[in-house]
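Here is a short note for a colleague who has not seen this structure before. Please read the points with the model open.

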Amino acid sequence: MKKIVLAAAALAVSATTTFAAPKVTLKVWESEGPEKKFMLWAGKEFKKATGVSIAYEPVGATDARAKMELDGPAGVGADVFVTPHDHIGALVSGGHVLPVDDADTYMADFLPMAKMGASYNGKVYGYPLGAETYALFYNKALIQKAPKTWDEVISFAKTFNNKAEGKYALVWPVSDGYYGYMFMDSFGAPLFGPNGNDRKQHNLNSANAVKGLTYFQNLKKEILDVPAADVSGDFCNAEFVEGKAAMIITGPWKITDFKNNKIDFEIAPLPKFPGQADAQGHSFSGVRLAFVSSYTEHEKEAKDFAKFITSKSSLEKRFALTDQIPPRKDIDTNGKYSSAIKEQLKYAKPMPTIPQLGTYWSAMGSAYSGIWDGDPVKPSLDAAASAMDRAK
C-alpha cells in the first residue's frame with residue numbers, strides 16, 4: 001500500500017510541476033577577422049533576446065563545406081555555418097543543408113543577386129550575409145591614381161618593379177581560379193555558358209580561353225616575375241601591407257585589415273584588357289551565405305539565428321564592422337570603399353552553383369599555375385577540359 005501511495009504522489013508531482021527547458025547552445029562556423037567580430041556580437045545579442053547561446057568556432061568560409069561534409073554526418077558539425085554561394089550545389093546535392101522556411105517572405109528585402117545565390121533548383125537554402133567581388137586596391141603613397149588599363153599597369157611596373165628588393169607593381173594569387181577567371185570571361189570565355197549552368201559549355205579550352213590565358217602568361221615577365229607556388233594569398237597581402245606592392249587584386253574581406261595597418265588605399269575597377277569589345281575586366285562575384293545544417297538537433301533555434309544575423313539591423317552592424325556590402329535593398333551601402341566594390345560588381349559574373357564547379361577549382365588551379373610558370377597554354381587547357389568532361 002505504501003508503494004502505491006508513493007507512486008501516486010510521484011505522478012501528481014510530474015503532472016503539476018513545470019521543469020525548465022534544456023539550455024540550447026548552437027555551434028557556429030565563420031571566418032576569423034572582422035567576420036568573427038560580427039558573429040561574437042550577434043551571439044551576445046541573440047542570447048539576450050532568446051536565451052540561446054552561440055559557440056563560435058573559426059572555420060574559413062571556403063573550408064566550411066568540406067568540413068561539414070565530414071563533420072556533419074559524424075555529429076560534430078556546426079548548426080549554422082557560413083560559406084560562399086558557389087558551394088550550394090554540392091551542399092544541397094549531398095543533403096547537408098536545410099531549406100529556408102517562408103522563403104518568399106524572408107527574401108523580399110534582398111537584392112536579386114542574393115536570391116539567386118541563395119537558391120538551388122528553384123528552392124532557397126541560404127541566408128545572405130554579404131555581396132562580394134574583387135577589385136583593384138592601390139596604395140596612394142606609391143601610386144596616386146589607379147591604372148585604367150593593363151597596358152598602364154605594365155608601364156608602371158617598368159618604373160616600380162625591383163626583383164632584388166621584392167617590389168612589384170601588382171600582386172594577386174595567380175594560381176587561384178577565383179581570380180584567374182577574369183582572364184577567361186574578359187576574353188569571352190564564360191564558365192558553363194552565358195547562364196553559368198551548362199556543364200557542356202565549360203569553355204575551358206575554347207579559342208577565347210586560350211587567348212586570355214596567353215595574355216595571362218605574358219604578364220609574368222611584365223609585372224610579376226615570381227613562381228606561381230610563391231604567389232600565395234599570404235604573400236600578396238604581406239607585399240601590399242609592407243609597401244612592396246603598389247597594388248593588389250583582392251576583395252572587401254581585406255578592407256579592415258588594410259585600414260588597421262594604416263595604409264592610405266583606395267579601390268578601383270579592374271583594369272581594362274586590350275583588344276576586347278567589352279574591355280572592362282570581369283570578375284567573379286559571390287554571395288556569402290549562412291546555412292543551417294541538416295544534422296542539427298536544434299532546427300528551430302538554428303533557423304532563428306540564421307534569420308537574426310541577416311536581419312536589417314544585424315546586417316547594418318555587420319557592414320559597420322566589416323565594410324562588406326549587405327545584399328539587402330533596405331540598407332544604404334554608399335561609402336568610400338563599398339561604392340568602389342559596387343562599381344566592380346557591375347562587371348562581375350556570379351560564380352556558378354552547379355556541382356561541376358568543384359572540378360573547375362581543381363583542374364584550372366593546376367592549369368593557371370602551370371601556365372604562369374611557362375607550360376604551353378593550349379595543352380594545359382585541354383587537360384583541364386578533359387578533367388571537366390569526365391566530372392560527374
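1. Helices (H or I, at least four residues) and strands (E, at least two) are DSSP runs, numbered from the N terminus.

2. On the basis of the note: this is a predicted model, in which local features need pLDDT of at least 70 and side-chain atom pairs count only at pLDDT 80 or more, while totals for chains, interfaces and linings use all residues. Residues are numbered from 1 along each chain as its sequence is written, and side-chain values use heavy atoms, with hydrogens and water left out.

3. Arg 288 also meets Glu 30 in a salt bridge (3.3 Å, N to O). This pair spans 258 residues, from Glu 30 in strand β1 (residues 25–30) to Arg 288 in strand β11 (residues 283–292). Glu 30 is buried, as is Arg 288. A network of salt bridges links Glu 30, Glu 35, Glu 132 and Arg 288.

4. Gln 324 sits in the loop between α14 (312–322) and α15 (336–345). Gln 324 counts as buried because its relative accessibility is 1%. Its side chain has a polar contact of 2.9 Å with that of Glu 35 and another of 3.0 Å with that of Arg 318. A polar contact is a pair of N or O atoms within 3.5 Å; within protein, one must be able to donate a hydrogen and the other to accept it, and residues adjacent in sequence count only if both atoms are side-chain atoms.

5. Strand β7 (residues 135–139) is largely enclosed by the rest of the structure, because 5 of its 5 residues are buried. β7 runs antiparallel to strand β9 (residues 245–250), joined by 4 bridges, and Phe 137 stands opposite Ile 248 in β9. β7 also pairs with strand β10 (residues 265–268) in the antiparallel sense over 4 bridges; two strands pair if DSSP finds at least two bridges between them.

Note on methods:
Buried < 20%, exposed > 50% of the residue type's maximum accessible area, 1.4 Å probe, protein only. Salt bridge = Lys/Arg side-chain N within 4 Å of Asp/Glu carboxyl O.
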